[in-house]
Amino acid sequence: MAGLRWRLSTAASRHVRERTAVYHTPRPARYTARRGLRLFRRRPAHAVAEDITYIRARSVAEAVSQLSGGGALLMAGGTDLPESLRLEGARTSKVVDISGIAELRGFTPTPDGGLRIGALTSLTDLAASPVVRERYVALARAAESVNPPVARERGTLGGNVCQRPRCWYLRSGATCIRHGGDLCLAADGENKYHGIIGSDACHMVHPSDIAPALVALEGRARSMGPAGLRVTPFGEFFLPPGRSLVRENILGPADVLTDVLLPPVPPGWRSTYRRVSEAGTDYALASVAATMLIVEGRIVQLTIVLGAAAPMPWRAVEAETVLLGHIPDLVAIAQAADAAMADAMPLAENRYKVGLFRALLIDSLAEVAGLRPQA
Ligand SMILES: Cc1cc2nc3c(=O)[nH]c(=O)nc-3n(C[C@H](O)[C@H](O)[C@H](O)COP(=O)(O)OP(=O)(O)OC[C@H]3O[C@@H](n4cnc5c(N)ncnc54)[C@H](O)[C@@H]3O)c2cc1C
Ligand code: SF4
């Protein structure tokens with residue numbers, strides 16, 4: 001274990017900042033003119049502890065042990081570290097860097113014919129892996145879509161899945177419901193990039209491109225923590241605001257996501273991931289991950305998951321029900337797209353997302369049904 005103390009203004013913190021791709025957190029143009037001003041003033045931008053101990057863990061067991069004492073933040077590629085530090089505020093007194101743990105990188109076939117991918121595998125390696133490209137197209141495409149390239153090179157699989165919310169109110173230090181307040185500032189504020197479905201208390205969207213693909217592929221998360229090893233289907237990994245307003249997934253503060261496990265792929269099974277993003281911005285405005293297995297002309301298995309729609313990857317169960325057991329055609333697919341959007345409750349500035357999702361759903365489902373060529 002190598003431990004050293006550093007101050008945020010020292011060379012060590014510059015090193016962490018330099019490892020961090022430069023990206024800005026857009027600030028809502030109108031928040032100062034609204035009640036947001038009062039809420040921002042009540043609590044200044046997130047405070048960060050002055051002295052932070054940096055630990056470079058050499059094993060998962062050591063990382064768990066270092067994280068267990070409380071006040072510690074795990075770091076992988078470090079691309080989101082400054083933002084994670086600000087969100088955790090002065091509570092963080094220690095950063096535990098797991099980037100040197102070699103066993104957390106790479107691809108290994110599993111005995112059941114599936115694939116294990118280490119959480120430290122970079123998104124570039126994920127997108128380039130021949131086995132992922134051939135068998136888990138949705139995941140390769142999701143990794144490829146992360147933009148710009150520096151975010152793929154430095155960002156890791158685990159870090160992408162566990163990245164913190166990007167809601168600009170939260171990241172600007174506002175006292176919203178996720179940060180000790182009692183309301184969601186986005187509900188009638190600047191909400192162009194916020195959610196349209198499953199949003200109850202908090203209207204953020206889960207920012208990860210990888211997460212919807214892992215849910216659609218029915219992957220599982222393997223994690224290690226003080227209570228030992230846990231394997232959790234990605235369908236149960238992400239938490240809606242109704243279950244937690246401080247965590248976005250089931251991992252506790254001392255848990256390390258170690259691997260992603262993907263199931264074996266039956267012959268003829270197809271998957272895809274498509275997203276739309278605004279020119280000049282990095283994250284998806286809307287995305288769809290879908291898988292489909294057709295046997296004797298009928299759909300016998302499918303998953304449809306929406307990204308950038310809800311606070312967690314959103315499984316469009318109603319749309320799946322429309323198609324399951326049916327012969328795939330464009331009419332049925334359009335009905336499924338309508339069903340997926342039936343419960344959408346867009347906010348004032350994000351109604352455009354409903355049409356975007358509908359179009360993406362039709363393209364994605366037509367592709368996995370073999371009615372359209374791959375994108
Ligand atoms: C300029 C820029 C553009 C981006 N564009 C996109 C985009 O288009 N699409 C997209 O999906 N993402 C995008 N991202 C996000 C990027 O993919 C993530 O920042 C990155 O994948 C996080 O990986 P990391 O290893 O750097 O994580 P870190 O920054 O090290 O950690 C991020 C968070 O995850 C936690 N964490 C990391 N690894 C683990 C683990 N193994 N177990 C438990 N917790 C863990 C950390 O504690 C921290 O809270 C972008 C980022 C940047 C900087
Ligand atoms: S969307 Fe969530 S994080 Fe953003 S202001 Fe609303 S409650 Fe806060």
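This is a predicted model: local features need pLDDT of at least 70, side-chain atom pairs count only at pLDDT 80 or more; totals for chains, interfaces and linings use all residues.
Figure 1. Although Glu 218 is not a glycine, its phi is positive, at about 55°. Most residues other than glycine have a negative phi. Glu 218 has 15 other C-beta atoms within 10 Å, and it is therefore classed as partly exposed.

Figure 2. Glu 296 occupies the loop between strand E11 (residues 284-295) and strand E12 (298-307), as its assigned place shows. Because Glu 296 has 6 C-beta neighbours inside 10 Å, it counts as exposed.

**Figure 3. The cis peptide bond between Asn 147 and Pro 148.** The bond that joins Asn 147 to Pro 148 is cis, with omega at about 5°. Most peptide bonds are trans. Pro 148 is placed in the loop between helix H7 (137-145) and helix H8, and H8 spans residues 149-154.

**Figure 4. The shell around ligand 1.** Ligand 1 is surrounded by 34 residues, of which the closest are Gly 77, Gly 155, Gly 158, Gly 159 and Asn 160. At least two residues of this shell are supplied by each of strand E3 (72-75), helix H4 (81-88), helix H8 (149-154), helix H9 (157-162) and strand E9 (256-262). Helix H9 provides the largest share, 4 residues. Divided by class, the shell comprises 17 nonpolar, 12 polar and 5 charged residues.

**Figure 5. The shell around ligand 2.** There are 14 residues around ligand 2, and those that come nearest are Cys 167, Tyr 169, Cys 176, Cys 184 and Cys 202. The class division for this shell is 11 nonpolar, 2 polar and 1 charged.

**Figure 6. The five-stranded open sheet containing E9.** The order of the 5 strands in this open sheet is E5-E6-E9-E7-E8, with antiparallel pairing. Strand E5 (107-109) and strand E8 (228-233) are the edge strands; each has a single partner strand, so one side of each is left without a neighbour in the sheet. From one strand to the next, the twist averages 25°. Strands E5 and E6 (residues 115-118) run antiparallel and are joined by 3 bridges. Within this pair, Phe 107 has Ile 117 of E6 as its bridge partner.

**Figure 7. The four-stranded open sheet E10-E11-E12-E13.** In this open sheet, 4 strands are arranged in the order E10-E11-E12-E13, and the pairing is antiparallel. The edges are formed by strand E10 (270-277) and strand E13 (314-315); each has a single partner strand, so one side of each is left without a neighbour in the sheet. Strand E10 is joined to strand E11 by 8 bridges, and the two run antiparallel. Arg 274 stands opposite Val 288 in E11. Helix H14 (residues 352-368) lies across E10, E11 and E12, running at about 30° to E11.

Key
Residues are numbered from 1 along each chain as its sequence is written. Chains are lettered from A and ligands numbered from 1 in the order in which they are written. A residue is near a molecule or strand if its C-beta atom, placed from the backbone, lies within 6 Å of it. Ala, Val, Leu, Ile, Met, Phe, Trp, Tyr, Cys and Pro count as nonpolar, Asp, Glu, Lys and Arg as charged, and the others, Gly among them, as polar. Two strands pair if DSSP finds at least two bridges between them. Axes are lines fitted to C-alpha atoms, for helices over the stretch in contact, and angles run from 0 to 180 degrees between N-to-C directions. Two residues are in contact if their C-beta atoms, placed from the backbone, lie within 7 Å. A residue is buried if 20 or more other C-beta atoms lie within 10 Å of its own, exposed if 12 or fewer, and partly exposed in between; C-beta atoms are placed from the backbone.
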